[in-house]
Amino acid sequence: MNNYTTIIRYLFLLAFPLFIISCDSDEEDIAIEITVPANYEFLRDGVSTVSFSGQTTRLNQVDEIYDALNSDSFTEAQIDKMFADGEGFADATLNGTGKKVRSKTSAGCAAGNSATQAQFDEQIADFANNVIPAWNNDASAGVAGKLTDTARPQGIHVNAKGHEIDQTFVKGLIGGMALDQIVNNYLQPCQLDSGTRKEDNTNGVMSGDKNYTDMEHKWDEAFGYLYGQEEDSKRSDLGTAPNGKGSTLNKYFKKINESNQPGLAEIVFNAFKTGRAAIVAGDYQVRDAQANIIKIHLSKVIGYKSVDYLNGYMTKMAAGNTADAFHALSEGYGFVMSLQFTNNGNDAPYYSKTEVDAMLAKMDDFWTVQDADLTLMVNDIKSKFGI
């Protein structure tokens with residue numbers, strides 16, 4: 001069985017005789033052969049060149065932060081330590097790594113914004129200082145506490161505006177860290193082509209004592225922010241059946257592939273493989289074309305889930321299930337926050353930070369939010385993303 005796809009591109013160059021000016025020219029055909037493997041596996045001298053352990057570490061750190069935001073046993077300082085310092089995790093393997101979630105949040109080389117980082121800090125402070133002290137109290141408009149209904153008898157814990165902060169925070173990180181690092185950082189020329197990386201890749205210059213070039217590694221780091229928690233990231237069926245583990249992007253990428261847009265996983269996985277193979281072959285035009293495919297299609301995950309959760313809130317509220325509705329709207333709030341980190345393939349977000357902050361302001365108080373405003377948001381998101 002053939003486990004590889006071979007792409008041959010021809011570059012047509014004009015060949016001129018040296019030192020002679022002439023009106024005549026000959027076309028020289030240079031074939032670039034790109035061999036795309038069935039799975040995400042690239043070898044040099046029989047040894048793997050793929051490495052993204054740092055991305056797996058950060059994704060696992062996010063999962064522990066999520067757990068902390070579901071508990072009343074953490075202080076603001078403890079959660080900040082995990083988020084900003086990369087320390088204080090129950091899983092000792094996540095400590096002392098030098099990997100930090102906050103420093104990779106809203107920090108893409110093409111579109112970072114420290115003001116958005118501060119919004120995540122504010123959510124941690126709100127949770128620790130306002131939600132935890134009211135953990136067992138009944139929530140109501142303007143009052144933090146616990147909400148229950150028939151759909152969620154176990155209840156949710158919300159701030160004074162009804163936000164379930166574990167949801168707003170982590171869904172915001174899906175765009176703010178995972179997607180942003182892929183589409184606005186590691187797949188960007190400001191990473192891939194920084195310094196002498198293009199020349200070094202073309203000439204086979206390795207990254208220090210590693211078995212990969214810097215450019216190969218940057219592409220793999222993008223791959224890791226999506227697939228870094230897969231049990232076997234080399235599986236060829238990642239294109240049809242990603243596991244969707246963890247609390248970040250891959251979980252919802254899998255959901256969209258199974259519901260809103262079947263085939264999405266195959267498009268993205270094939271683009272990752274083809275782009276990486278193009279880097280090996282030194283074909284940067286194909287590389288960039290595949291990067292744009294990834295940018296556009298991964299961004300759709302944010303668009304789809306924003307729509308799903310805003311609609312879900314309205315349906316659940318109409319059924320009289322306030323806790324379930326606020327849970328959905330908290331997820332929707334986080335995904336709307338993530339819209340500013342999308343990429344339309346032309347290195348612009350589908351929504352600017354200014355536009356996103358205006359949307360968040362309209363839905364800020366869950367006790368008074370208007371369905372009419374949410375419906376306008378839903379329709380606009382669907383129109384912009386073409387979904």
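Leaving aside its neighbours within four places in sequence, which residues is arginine 152 in contact with? Before I answer: this is a predicted model, where local features need pLDDT of at least 70 and side-chain atom pairs count only at pLDDT 80 or more, while totals for chains, interfaces and linings use all residues. Residues are numbered from 1 along each chain as its sequence is written, and side-chain values use heavy atoms, with hydrogens and water left out.

Now the answer. With those neighbours within four places set aside, arginine 152 is in contact with Ala323, Asp324 and His327, contact meaning heavy atoms within 4.5 Å. Arginine 152 sits in the loop between β5 (145-147) and β6 (156-158). Helices and strands here are DSSP runs, numbered from the N terminus: H or I with at least four residues for helices, E with at least two for strands. Arginine 152 counts as buried, because its relative accessibility is 18%; buried is under 20% relative accessible area, exposed is over 50%, and partly exposed is in between, with a 1.4 Å probe and protein chains only.

Next, asparagine 201, in helix α6 (residues 197-202). At 8% relative accessibility, asparagine 201 is also buried. Its side chain makes a polar contact of 2.9 Å with the side chain of tyrosine 284. The criterion is a pair of N or O atoms within 3.5 Å; within protein, one must be able to donate a hydrogen and the other to accept it, and residues adjacent in sequence count only if both atoms are side-chain atoms. Beyond four places in sequence, the contacts of asparagine 201 include Thr213, Met215 and Glu216.

On to helix α2 (residues 76-85), where Ile79, Met82 and Phe83 are buried. They lie on the same side of α2, because they cover an arc of only 90° around the axis, taken from the directions from the helix axis to the C-beta atoms. The buried residues of α2 pack against α1 (53-68), α3 (114-131) and α4 (165-186). After α2 comes glycine 86, with a positive phi near 70°.

Last, the disulfide. The rule is a pair of cysteine sulfur atoms within 2.5 Å, and the count comes to 1. Cysteine 109 is joined to cysteine 190, S to S 2.0 Å. The pair links distant parts of the chain, 81 residues apart: cysteine 109 is in the loop between α2 and α3, and cysteine 190 is in helix α5 (residues 189-192). The torsion about the S-S bond is about 65°, so this disulfide is right-handed. Cysteine 109 is partly exposed at 38% relative accessibility, and cysteine 190 is partly exposed at 35%.
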